[in-house]
Amino acid sequence: MTSYVENETDVNFDFDIKEVLDAVIEQVLSMENCPYEAQVNLLVTDNKGICEFNREYRKVDAPTDVLSFPMLTFDKEADFSVAEEGEADYFDPESGELLLGDIIISADKVKEQAQKYGHSEKREFAFLTAHSMLHLCGYDHMAEEEAKLMEQKQEEVLTVLGITRDSE
């Protein structure tokens, strides 16, 4: 598994972004039985930066906490067989890794929401990463049933990694 992190902010966290990112990616891919080594890109930006992406790609002129840009179009959640159909499009020709997609996180929102919900910035960052990784694996939360499933999976990832509200 390979992850690339670009931090275009001067925001500092008391945890290693890449270390938490990699742990969450590995746990989600393991839980979802991904048969491939994967590649994920993360951009950490601020509210202004994520607002620009939100406006451009979702036509929403407001900052959000996280955006996900999956490379695969899943017929069914976590059915990675779809990657084999478009092998030339979905795999890095140099590493052979599955190009899973891109994540954009607002560092400002991580700080704001950690304070609002009364937990650590590490937990908020890990939560947003888990949420986004599930989107990259084909999950959505448009319907109530889908939202419940995503919430359950997000909590399971954080619990396995020991990044819970109780552990703080």
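Which helix holds both Lys18 and Asp22, and how many residues apart do they lie? Both belong to helix H1 (residues 17-31), where they lie four residues apart, about one turn of the helix. Helices here are DSSP runs of H or I with at least four residues, strands are E runs of at least two, and both are numbered from the N terminus. The model is a predicted one, in which local features need pLDDT of at least 70 and side-chain atom pairs count only at pLDDT 80 or more, while totals for chains, interfaces and linings use all residues. Residues are numbered from 1 along each chain as its sequence is written, and side-chain values use heavy atoms, with hydrogens and water left out.

A search of the whole structure returns seven of them, each defined as a side-chain nitrogen of Lys or Arg within 4 Å of a carboxyl oxygen of Asp or Glu. Lys18 and Asp22 form one of these, with their closest N and O atoms 3.0 Å apart. Lys18 is partly exposed at a relative accessible area of 35%; on this scale, buried means under 20%, exposed over 50% and partly exposed in between, using a 1.4 Å probe and protein chains only.

A salt bridge also joins Lys153 to Glu32, at 2.9 Å from N to O. This pair links distant parts of the chain, since Lys153 sits in helix H7 (residues 144-161) and Glu32 in the loop between H1 and strand S2 (38-45), 121 residues apart. Both partners are buried: Lys153 has a relative accessibility of 13%, and Glu32 has 6%. Glu155 is partly exposed at 33%, whereas Arg123 is buried at 2%.

Turning to the interior, nonpolar side chains tend to be buried together in soluble globular proteins. The largest nonpolar core of the model contains 45 residues, of which Leu72, Phe80, Leu98, Leu100, Phe125 and Met133 touch the most other members. Such a core is a set of buried Ala, Val, Leu, Ile, Met, Phe, Trp, Tyr and Cys residues joined through side-chain atoms within 4.5 Å. Elements that each supply at least two residues of this core include H1, S2, H6 and H7. The largest share, eight residues, comes from H1.

The structure holds zero disulfides, a disulfide being a pair of cysteine sulfur atoms within 2.5 Å. For Cys34, the nearest cysteine sulfur is that of Cys137, 6.6 Å away. Cys34 is buried at 14% relative accessibility, and Cys51 is buried at 10%.

Of its 18 lining residues, Arg58, Ser68, His135, Asp140 and His141 are the closest to its centre. On a 1 Å grid over the protein atoms alone, a pocket is an open set of points where a 1.4 Å probe fits, with protein on both sides within 12 Å along at least five of seven lines, and lining residues have an atom within 4 Å of a point. Strand S3 (66-70) and helix H6 (121-136) each supply at least two lining residues, and S3 gives the most, with five.
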